[in-house]
Amino acid sequence: MPKDSYRHRINARACIVRDDKILLIAYDDESGFHYNLPGGGVEAGENLYEAIERECLEEANAKVVVGDLLLVMEFVPELDDGTYGNDHRDLGLIFRCELVDGTEPELPENPDPNQVAVDWISKEDFPNVMLYPRLNQLILDRLTAQDLDTAFSRDV
């Protein structure tokens with residue numbers, strides 16, 4: 001496929017931390033058991049914040065307030081060994097988010113067919129979970145950074 005026919009899909013994700021635990025969405029699919037931060041593709045007519053708010057409701061039945069940009073990452077399938085099963089380029093933006101008071105994340109009534117749980121993972125255990133994309137340590141580093149100049153990662 002010619003290079004100019006590639007297009008990036010934009011996705012927006014939430015990094016929600018409470019009591020030194022990070023909220024993750026668990027999946028079991030053709031890639032095996034893994035986690036993702038809540039979020040997904042930005043739909044036509046949506047801005048990034050609206051996409052995160054919608055995705056958090058869909059995946060974790062959670063209302064959030066979107067905060068600062070934490071991390072920008074690019075996924076290039078030609079550099080992947082097939083781990084993630086994606087065949088399209090992604091430009092991902094991860095935002096620090098907070099739960100709206102009174103919101104308790106849980107598996108929604110009608111989850112994605114491959115979604116199996118909504119879990120809080122301790123920061124101590126976070127480096128060892130199978131997170132797609134594999135940005136575990138970079139996310140932890142960004143959460144503790146004093147200077148939040150945007151970090152960029154090309155995930156392979």
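**Exercise 1. Find the residue in β6 that is the bridge partner of Ala12, then work out how the neighbouring strands are arranged.**

Step 1. Ala12 has Leu93 as its bridge partner in β6. Strands here are DSSP runs of E with at least two residues, helices are runs of H or I with at least four residues, and both are numbered from the N terminus.

Step 2. Strand β1 (residues 8-18) and β6 run parallel and are joined by nine bridges. Two strands count as paired if DSSP finds at least two bridges between them.

Step 3. Now turn to β5: β5 and β6 pair in the antiparallel sense, over nine bridges. Here Met73 has Gly92 as its bridge partner in β6.

A word on the model: it is predicted, so local features need pLDDT of at least 70 and side-chain atom pairs count only at pLDDT 80 or more, while totals for chains, interfaces and linings use all residues. Residues are numbered from 1 along each chain as its sequence is written, and side-chain values use heavy atoms, leaving out hydrogens and water.

**Exercise 2. Explain why strand β6 is largely enclosed by the rest of the structure.**

Step 1. Take the cut-offs: buried means under 20% relative accessible area, exposed over 50%, and partly exposed in between (1.4 Å probe, protein chains only).

Step 2. Apply them to β6 (residues 89-99): eight of its eleven residues are buried, so the strand is largely enclosed.

**Exercise 3. Classify the ring pair of Tyr49 and Phe95.**

Step 1. Rings of Phe, Tyr and Trp (its six-membered ring) pair if their centres lie within 6.5 Å; planes under 30 degrees apart are stacked, over 60 edge-to-face, and the rest tilted.

Step 2. The centres of the Tyr49 and Phe95 rings are 5.6 Å apart and the planes stand at 75°, so this pair is edge-to-face.

Step 3. Locate the partners: Tyr49 is in helix α1 (residues 48-60) and Phe95 in strand β6, 46 residues apart. Tyr49 is partly exposed at 38% relative accessible area, whereas Phe95 is buried at 6%.

**Exercise 4. Describe the largest nonpolar core.**

Step 1. A nonpolar core is a set of buried Ala, Val, Leu, Ile, Met, Phe, Trp, Tyr and Cys residues joined through side-chain atoms within 4.5 Å.

Step 2. The largest one has 20 residues, and Ile22, Leu24, Ile94, Phe126 and Ile139 touch the most other members. β5 gives the most to this core, with four residues.
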